[in-house]
Amino acid sequence: MVASSKKTKKTHESINNRLALVMKSGKYTLGYKTVLKTLRSSKAKLVIISNNCPPLRKSEIEYYAMLAKVGVHHYNGNNVDLGTACGKYYRVCCLSVIDAGDSDIIKNMPDN
């Protein structure tokens with residue numbers, strides 16, 4: 001039981017590190033409206049959703065992502081944690097990665 005907790009913490013940290021690298025060197029959009037815009041214009045490469053995103057909003061983003069053939073990652077923390085991982089001082093419900101920059105976040109996303 002302890003080992004599995006350590007593993008989830010390790011993947012959680014690696015996601016945060018990759019996310020920080022995307023914020024520094026890549027292109028991204030934060031927020032529900034801009035995520036939908038990037039999905040509709042098929043610019044998004046990856047979508048990350050916090051775990052306390054409202055169910056209707058989450059299913060709509062997942063539906064758009066499925067149509068655009070874009071990967072969706074369910075972040076293992078709430079919107080405050082996701083905002084902090086992005087280096088922002090506000091809450092982030094969802095974000096889309098347009099260009100990963102130096103990060104390998106799109107290739108190496110751990111599966112849920």
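Guide: Start at asparagine 79. It touches Ser50, Asn52, Arg91, Val92 and Cys93, leaving aside residues up to four places away in sequence. Contact here means heavy atoms within 4.5 Å. This is a predicted model, where local features need pLDDT of at least 70, side-chain atom pairs count only at pLDDT 80 or more, and totals for chains, interfaces and linings use all residues. Residues are numbered from 1 along each chain as its sequence is written, and side-chain values use heavy atoms, with hydrogens and water left out.

Asparagine 79 belongs to helix H4, residues 79-85. Helices (H or I, at least four residues) and strands (E, at least two) are DSSP runs, numbered from the N terminus. Asparagine 79 has a relative accessible area of 17%, so it counts as buried. Buried means under 20%, exposed over 50%, and partly exposed in between, with a 1.4 Å probe and protein chains only.

Now step back to the whole chain. It has four helices and four strands. Along the sequence they follow the pattern α-β-α-β-α-β-α-β. Of the 112 residues, 36% are buried. Among contacts with a separation of 6 or more, 78% link residues 24 or more positions apart.

The strands come next. Four of them form an open sheet in the order S1-S4-S2-S3, with mixed pairing. Strands S1 (27-30) and S3 (71-74) stand at the edges with a single partner strand each, so one side of each has no neighbour in the sheet. Two strands pair if DSSP finds at least two bridges between them. Neighbouring strands are turned by 20 degrees against each other on average, direction ignored. S1 and strand S4 (residues 94-99) run antiparallel and are joined by four bridges. In one of them, tyrosine 28 has valine 97 of S4 as its bridge partner. Helix H2 (residues 32-40) packs on this sheet, touching S1, strand S2 (46-49) and S4. The directions of H2 and S4 make about 40 degrees. Such axes are lines fitted to C-alpha atoms, for helices over the stretch in contact, and angles run from 0 to 180 degrees between N-to-C directions.

Past S4 comes alanine 100, in the segment after that strand. It is buried, at 10% relative accessibility. Its contacts are Val22, Ser25, Gly26, Ile105 and Ile106, not counting residues up to four places away in sequence. Alanine 100 and leucine 46 are 54 residues apart in sequence, and 9.1 Å apart in space, C-alpha to C-alpha.

Two loops deserve a stop. Most residues other than glycine have a negative phi. Serine 42, in the loop between H2 and S2, has a positive phi of about 50 degrees. Lysine 69, in the loop between H3 and S3, has a positive phi of about 55 degrees. Serine 42 is exposed at 57% relative accessibility, and lysine 69 is exposed at 76%.

Tyrosine 63 lies in helix H3, residues 55-68. At 48% relative accessibility, tyrosine 63 is partly exposed.
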